[in-house]
Amino acid sequence: MLLVAENLVLSRGGRTVIGGLSLRLGNGEALLLTGANGTGKTTLLLALAGLLSPASGEIRIENEGDDREPGELCHYVGHLDGIKPHLTVAENLAFWAAYLECDTSEGDGERLSAALNKFELAALADIPAGYLSAGQKRRLALSRLAAAHRPLWLLDEPTVSLDTASVALLVDAVKAHCANGGITIAATHLPLAFENAKEIRLGLQESAA
Amino acid sequence: MSAFFTLVARDLKLAVRQGGALGTALGFYLIVVAMLPLGLGADLNLLSRIAPGVLWIALLLSALLSLGRVFESDFEDGSLDVLATGPLPLELIAAAKALAHWISTSVPLALLAPVLGILLNLKLVAYPMLVATMLIGTPAVSFIGAIGAALTLRARRGGLLIALLVLPLYVPTLVFGIAAISAMLGPDDVAAPLLILTAISLGATVLGPVAAAAALRTQMQ
């Protein structure tokens, strides 16, 4: 699988945020997006997830025998966690797994408990998600990554409100994902220790651009 | 298709857990209808003549109360972005959420209507038709309402705006819903208004999600 973006121009509110960015990522590659506030990290991730249409340029996935859009192949974990406070931790995760996973044939229950264990949420499984702390909510949002299999992970500042141990859990999950041939793109301000990760440093666009 | 029903089931579960939206809608419906005889006086003939119209209009207003939340809560907590990366196109996401609104709000309101009919001295022969027109007509209420909910997604306190956008679109449903009940009480043919009401609901079920998805696309940019 190859994720390709060519001459991508993205604008928010009439202002060009990213002007002419190209990237190619193959199986097992990780990419870190860094840069100051307002340089378009989130905008780029939104566009890659298919949530924002580019002003010009193209995003596509080259994958033999599969013509799905990038949006259908990606996990998008944004600033907001997408958690319903009235559902329990396990119910939140079960919903996203069932919704995002196109083939629900495989052992669902095991995969869910494995995902909860991976981000150390198993003890909280039956608690309504509204009672979780900010870091626990973030871990629940990240556990979506493990609960439903998707080859492209788009993480927008995934370490916000995570403690050091949880960041290590995330790094392990990303390493395992890339070792299995997945692609990870993460916007971050922390130096995340992904293996042989590329880095794109985004800068502010000149207003004339 | 399983993703569609997964989403409907989650919305219904949330509606049951939260409870407030349905309770507010039912309570509002009860109070509006109960206050009317107090305002108009105990003229039983007058009340039974205006009962179908009052029950329908109060139902539309009650349904409006919860329409604002159809997409708003998912938009605020980031769920809508994740839903959009799922296997369903936005049209089906909008349809699933409108369907969940219909089941969790509109159907209970329609089932409460005959109880409130007693307060208004509605004639006994009209009760089956009252419930029938409301069950047939309310899909249009939820699916057209979804358009308004999608359009006002980013407008804080968009509740009144939804009413302005959506109530005019409810006019055909209201007219033919009342016409069917009146026909039951008078000499007219019942089939014609009932069939038109059905057609409006079917049309809204198809067109509502398409329009709502188009509105969501511009709002999410």
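This is a predicted model: local features need pLDDT of at least 70, side-chain atom pairs count only at pLDDT 80 or more; totals for chains, interfaces and linings use all residues.
The predictor assigns the complex an ipTM of 0.88 and a pTM of 0.91. For chain B, the mean pLDDT is 91, and 100% of its residues reach 70 or more.

The strands E6(A) and E7(A) are part of an open sheet of five strands in chain A, ordered E5-E6-E7-E3-E8 and paired in parallel. Its edges are formed by strand E5 (74-77) and strand E8 (198-202) of chain A, each of which pairs on one side only. On average, and with direction ignored, neighbouring strands of this sheet are turned by 15 degrees against each other. Helices of chain A accompany these strands. Helix H5 (residues 134-147) of chain A lies across E5 and E6 of chain A and runs at about 175 degrees to E5(A). Helix H6 (residues 164-179) of chain A also packs on the sheet, where it touches strand E3 (30-35), E6 and E7 of chain A. The direction of H6(A) makes about 145 degrees with that of E7(A).

Chain A also holds an open sheet of three strands, in the order E2-E1-E4, and here the pairing is antiparallel. Strand E2 (15-26) and strand E4 (56-62) of chain A each have a single partner strand, so one side of each is left without a neighbour in the sheet. From one strand to the next, the twist averages 15 degrees. Six bridges join strand E1 (residues 2-12) of chain A to E4(A) in the antiparallel sense, and Leu2(A) stands opposite Glu62(A) in E4(A). Helix H1 (residues 41-48) of chain A packs on this sheet and touches E1, E2 and E4 of chain A, with its direction at about 125 degrees to that of E1(A).

Turning to chain B, two helix pairs involve H7(B). Helix H7 (residues 127-151) of chain B packs against helix H10 (residues 191-220) of chain B at an angle of about 15 degrees, with the axes 7 Å apart. With angles under 35 degrees counted as roughly parallel, H7(B) and H10(B) are therefore roughly parallel to each other. Their crossing is left-handed, and their contact comprises 18 nonpolar, seven polar and no charged residues.

The packing of H7(B) with helix H9 (residues 171-185) of chain B has an angle of about 170 degrees and axes 10 Å apart. The two helices, H7(B) and H9(B), are therefore roughly antiparallel to each other. On the H7(B) side the contact includes Met129(B), Leu130(B) and Thr133(B), while H9(B) contributes residues including Gly177(B), Ala180(B) and Ile181(B). By class, the contact of H7(B) with H9(B) has seven nonpolar, four polar and no charged residues.

Finally, the two chains meet through 19 residues of chain B and 22 residues of chain A. Helix H1 (2-18) and helix H5 (79-84) of chain B each supply at least two residues of the side of chain B that touches chain A. H1(B) gives the most to that side, with eight residues. The side of chain B that touches chain A divides into seven nonpolar, eight polar and four charged residues.

Terms used
Residues are numbered from 1 along each chain as its sequence is written. Chains are lettered from A and ligands numbered from 1 in the order in which they are written. Axes are lines fitted to C-alpha atoms, for helices over the stretch in contact, and angles run from 0 to 180 degrees between N-to-C directions. Helices (H or I, at least four residues) and strands (E, at least two) are DSSP runs, numbered from the N terminus. Angles under 35 degrees count as roughly parallel, over 145 as roughly antiparallel, 65 to 115 as roughly perpendicular and the rest as oblique. A crossing is left-handed if the near helix is turned anticlockwise from the far one by less than a right angle, and right-handed if clockwise. Ala, Val, Leu, Ile, Met, Phe, Trp, Tyr, Cys and Pro count as nonpolar, Asp, Glu, Lys and Arg as charged, and the others, Gly among them, as polar. Two strands pair if DSSP finds at least two bridges between them. Two residues are in contact if their C-beta atoms, placed from the backbone, lie within 7 Å. pLDDT is the predictor's confidence in each residue, from 0 to 100.
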